[in-house]
Amino acid sequence: MSFGNRNFHNLHSHGFIRLACAAPRLKVADPVFNLAQTLPLLRRADEGGASVVLFPELGLSAYAIDDLHMQSALLDAVRDALAALVEESRKLRAVAVVGAPLRVGGRLFNCAVAIHRGRILAIVPKTYLPNYREFYERRQFASGERAGIASIELCGQEVPFGTDILLTASDVPDLTLHMEICEDVWMPVPPSSFAALAGATVLLNLSASNVTIGKSDWRHALCKAHSGRCIAAYAYSAAGTGESTTDLAWDGQAMIYENGALLAEAARFAAEPQLILADIDLERLALDRIRMNTFGDNADALRDRLNFRRIAFALEPDRESDLGLRREVERFPFVPSDDARLNELCFEAYNIQSHGLRQRLASTRVETIVIGVSGGLDSTQALLVAADTMDALGLPRANILAYTLPAFATSAGTKTNAWRLMKALGVTAAEIDMTPACRQMLVDIGHPFAEGEPVYDITFENVQAGARTSLLFRLANKNNGLVLGTGDLSELALGWCTYGVGDQMSHYNVNGSVSKTLIQHLIRWVARTERFGAEASATLEAILATEISPELVPGDGEGPSQKTEDFVGPYALQDFNLFYTTRYGFRPSKIAFLSHHAWADATRGDWPPHMEVAKQVAYDLPTIKKWLTVFVRRFFETSQFKRSAMPNGPKVSSGGSLSPRGDWRAPSDASAAAWLADLARIPE
């Protein structure tokens with residue numbers, strides 16, 4: 001498919017569909033009134049681009065009407081309301097899923113009815129009928145589990161009937177719907193579990209569910225866990241205002257989850273009808289199911305329970321309009337924007353790093369760490385972890401042999417910060433000037449710089465990086481120590497490191513699974529909590545304010561002459577690209593679509609706590625495309641050989657690790673042609 005300027009911004013071009021949940025105002029046993037309340041919400045959802053609209057259990061009759069469900073006048077009125085709804089649906093794009101009591105084969109069933117463009121797609125009866133405490137559903141209804149009826153006549157149509165039905169869109173990849181009703185999800189094994197294993201990606205629950213104290217939290221827990229286990233979207237819509245309060249009360253809780261994440265929730269106890277919408281990433285669900293091979297194994301093990309009928313329909317969604325995107329896209333997928341979540345993440349990440357290093361020191365029976373400290377972000381974080389590790393092991397911080405290793409391009413500011421930090425932490429600090437050794441190597445290989453020419457090529461840069469690493473390894477030999485690596489996940493992704501005898505190599509690297517954007521917040525977290533005292537915290541703040549640079553090309557001596565992000569792009573964008581490439585396997589055009597929603601407007605959405613206002617910037621689509629192109633070339637074509645030989649280190653982030661022994665395995669000689677071809681589809 002080729003994007004034009006017209007439809008690149010359409011959510012359906014990128015594997016999304018819009019899902020809606022409605023909680024209408026009802027009137028007890030009045031189908032005419034209830035239909036009149038249902039239709040406006042259905043139209044609003046359709047106008048808002050929704051492809052599926054979910055309504056509550058028995059929404060056309062009301063739920064809490066007891067034996068009135070067995071009155072012919074009421075049941076006839078429900079059928080008339082359904083017929084009117086079917087007729088109205090001819091004008092709409094969305095699938096409407098409503099609840100209704102229906103007589104079938106001499107019994108009464110509590111049903112979910114799916115309607116689309118004048119067609120009743122299917123009717124699914126409720127499986128599990130609660131008959132305990134306040135519930136007496138078996139008095140009126142029969143379970144659909146063994147109804148033994150494959151189809152019924154309704155509104156002049158022959159309609160599939162049963163609990164074994166999936167609705168599959170023929171024109172929307174990965175869209176398969178399953179319907180269940182209220183109590184079904186409260187079971188140890190809900191019907192939708194089997195449906196998900198059979199391929200359903202959007203699970204719909206029409207619910208009444210009266211409210212009691214604390215029940216809302218339990219519903220959230222059920223929907224969150226179930227959507228996560230099933231790797232599916234789970235929509236839940238409960239009865240609200242207007243239901244009978246003779247003996248019960250109702251809160252109108254509606255919510256939409258996707259693979260354990262809450263995307264939208266209605267206001268509870270609202271006086272007005274509620275409608276929530278959220279965009280479901282069907283492609284992400286499908287890719288996660290492929291990636292999680294045990295999901296398929298579970299389906300294989302239960303194959304005899306997955307005999308579902310697939311009812312096909314053409315959704316025909318709006319593929320031309322810019323419908324926006326109704327879901328939060330974090331600018332920093334490695335860094336939460338919520339303060340409490342960020343604190344918890346920093347606590348966990350820091351301790352994962354420290355525990356990994358503790359185990360490595362214990363297993364090697366080594367009590368000395370050797371580290372190069374540049375005054376930059378990565379070596380700072382590694383040094384902090386080393387100090388914490390020594391404290392936890394009951395070893396003196398003097399066992400950390402920390403070296404600042406200035407060469408041709410080291411600035412006064414970074415060297416000062418390195419010394420201040422080493423002193424504040426109480427490690428064994430030293431300085432070894434690398435300039436003579438580097439100059440000698442340049443002389444030995446006949447480099448023009450040795451003759452006084454200002455040639456600052458890759459050889460010039462890597463002579464410095466290699467000399468530093470070589471020295472650190474020899475210092476480790478001399479002191480029976482372990483060389484602690486400092487390079488981070490973002491640098492590994494971009495290949496922004498010197499291979500072999502360079503910063504790519506170490507005995508153990510605690511930062512290898514930590515992105516550059518997260519490292520900044522880890523350092524800020526340590527500074528704000530003053531784990532190592534006020535002097536260390538002040539120095540950490542100074543380091544955070546320093547421009548990111550490899551410091552390999554001479555400048556004026558005061559500040560770095562090189563700015564890393566001028567070469568490889570803003571780390572904020574590149575970490576975004578990295579996360580969605582490795583965690584979900586998205587194509588570049590979809591990553592650009594998501595990135596544009598996250599970054600196009602600096603005033604929209606939340607920023608991570610304590611982030612400098614100057615860094616709260618926006619990026620337009622051409623800029624996003626430019627740096628995504630850099631990422632694709634560097635990640636897929638030029639950098640894998642460095643990752644294939646990376647040292648050990650703990651996996652920290654759910655966003656993944658690039659270790660060949662962990663999350664990422666890839667050939668070093670791959671072509672990026674397929675990814676670059678997809679990039680070309682992004683409009684300028």
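Q: Which side chain does the side chain of glutamine 253 make a polar contact with?
A: In this predicted model, the partner is the side chain of histidine 220, at 3.3 Å.

Q: Where does glutamine 253 lie?
A: Glutamine 253 is in the loop that runs between strand E11 (233–237) and strand E12 (254–258).

Q: Is that residue buried or exposed?
A: Glutamine 253 has a relative accessibility of 0%, so it counts as buried.

Q: What else does glutamine 253 touch, not counting residues up to four places away in sequence?
A: Besides His220, the residues touched by glutamine 253 are Ser216, Arg219, Tyr236, Ser237, Ala238, Glu265 and Arg268.

Q: Stepping back, how many helices and strands does the chain have?
A: There are 21 helices and 20 strands in the chain. Its C-alpha trace spans about 100 × 55 × 45 Å along the principal axes.

Q: And what percentage of the residues count as buried?
A: The chain has 684 residues, of which 58% count as buried. As for contacts between residues at least 6 apart in sequence, 74% of them join residues at least 24 apart.

Q: Turning to helix packing, at what angle do H1 and H2 cross?
A: Helix H1 (residues 31–47) and helix H2 (residues 72–89) cross at roughly 25°, and their axes come within 9 Å. H1 is therefore roughly parallel to H2.

Q: What is the hand of that crossing?
A: The crossing in which H1 passes H2 is right-handed.

Q: Which residues make the contact?
A: H1 contributes Pro31, Leu35, Leu39, Leu42 and Arg43, while H2 contributes Leu74, Ala77, Val78, Ala81, Ala84, Leu85 and Glu88. By class, the contact of H1 with H2 comprises ten nonpolar, no polar and two charged residues.

Q: What about H9 and H15: how are they packed?
A: Helix H9 (residues 377–393) packs with helix H15 (residues 534–544) at an angle of about 155°, and the axes are 10 Å apart. H9 and H15 are therefore roughly antiparallel, and their crossing is left-handed.

Q: Which residues are in contact there?
A: On H9 they are Leu377, Thr380 and Leu384; on H15 they are Leu540, Ile543 and Leu544. Five residues in the contact of H9 with H15 are nonpolar, one is polar and none is charged.

Q: And H8 with H14, what is the angle?
A: H8 and helix H14 (residues 516–529) pack at about 95°, with 10 Å between their axes. The two helices, H8 and H14, are therefore roughly perpendicular to each other.

Q: Which residues make that contact?
A: From H8 come Leu342, Asn343, Leu345, Cys346, Phe347, Ala349, Tyr350 and Gln353, and from H14 come Leu518, His521, Leu522, Trp525 and Val526. This contact of H8 with H14 has ten nonpolar and three polar residues, with no charged ones.

Q: Staying with H14, is arginine 524 buried or exposed?
A: Arginine 524, which lies in helix H14, has a relative accessible area of 7% and is therefore buried.

Q: What is arginine 524 in contact with, leaving aside neighbours within four places in sequence?
A: Its contacts are Leu544, His610 and Glu612.

Q: What is the phi of histidine 610?
A: Phi of histidine 610 is near 65°, which is positive in a residue other than glycine. Most residues other than glycine have a negative phi.

Q: Where is histidine 610 placed?
A: Histidine 610 is in the loop between helix H18 (588–599) and helix H19 (621–638). With a relative accessible area of 37%, histidine 610 is partly exposed.

Q: What about the phi of cysteine 182?
A: Cysteine 182 also has a positive phi, of about 40°, although it is not a glycine. Cysteine 182 is found in the loop between strand E9 (176–181) and helix H4 (191–197). Its relative accessible area is 8%, so cysteine 182 is buried.

Q: Last one: where is proline 333, and what does it touch?
A: Proline 333 is in the loop between strand E15 (309–313) and helix H8 (339–364). Not counting residues up to four places away in sequence, proline 333 touches Asp575, Phe576, Phe579 and Tyr580. Proline 333 counts as partly exposed, at 22% relative accessibility.

Definitions and conventions
Residues are numbered from 1 along each chain as its sequence is written. This is a predicted model: local features need pLDDT of at least 70, side-chain atom pairs count only at pLDDT 80 or more; totals for chains, interfaces and linings use all residues. Side-chain values use heavy atoms; hydrogens and water are left out. Helices (H or I, at least four residues) and strands (E, at least two) are DSSP runs, numbered from the N terminus. Buried means under 20% relative accessible area, exposed over 50%, partly exposed in between (1.4 Å probe, protein chains only). A polar contact is a pair of N or O atoms within 3.5 Å; within protein, one must be able to donate a hydrogen and the other to accept it, and residues adjacent in sequence count only if both atoms are side-chain atoms. Contact means heavy atoms within 4.5 Å. Axes are lines fitted to C-alpha atoms, for helices over the stretch in contact, and angles run from 0 to 180 degrees between N-to-C directions. Angles under 35 degrees count as roughly parallel, over 145 as roughly antiparallel, 65 to 115 as roughly perpendicular and the rest as oblique. A crossing is left-handed if the near helix is turned anticlockwise from the far one by less than a right angle, and right-handed if clockwise. Ala, Val, Leu, Ile, Met, Phe, Trp, Tyr, Cys and Pro count as nonpolar, Asp, Glu, Lys and Arg as charged, and the others, Gly among them, as polar.
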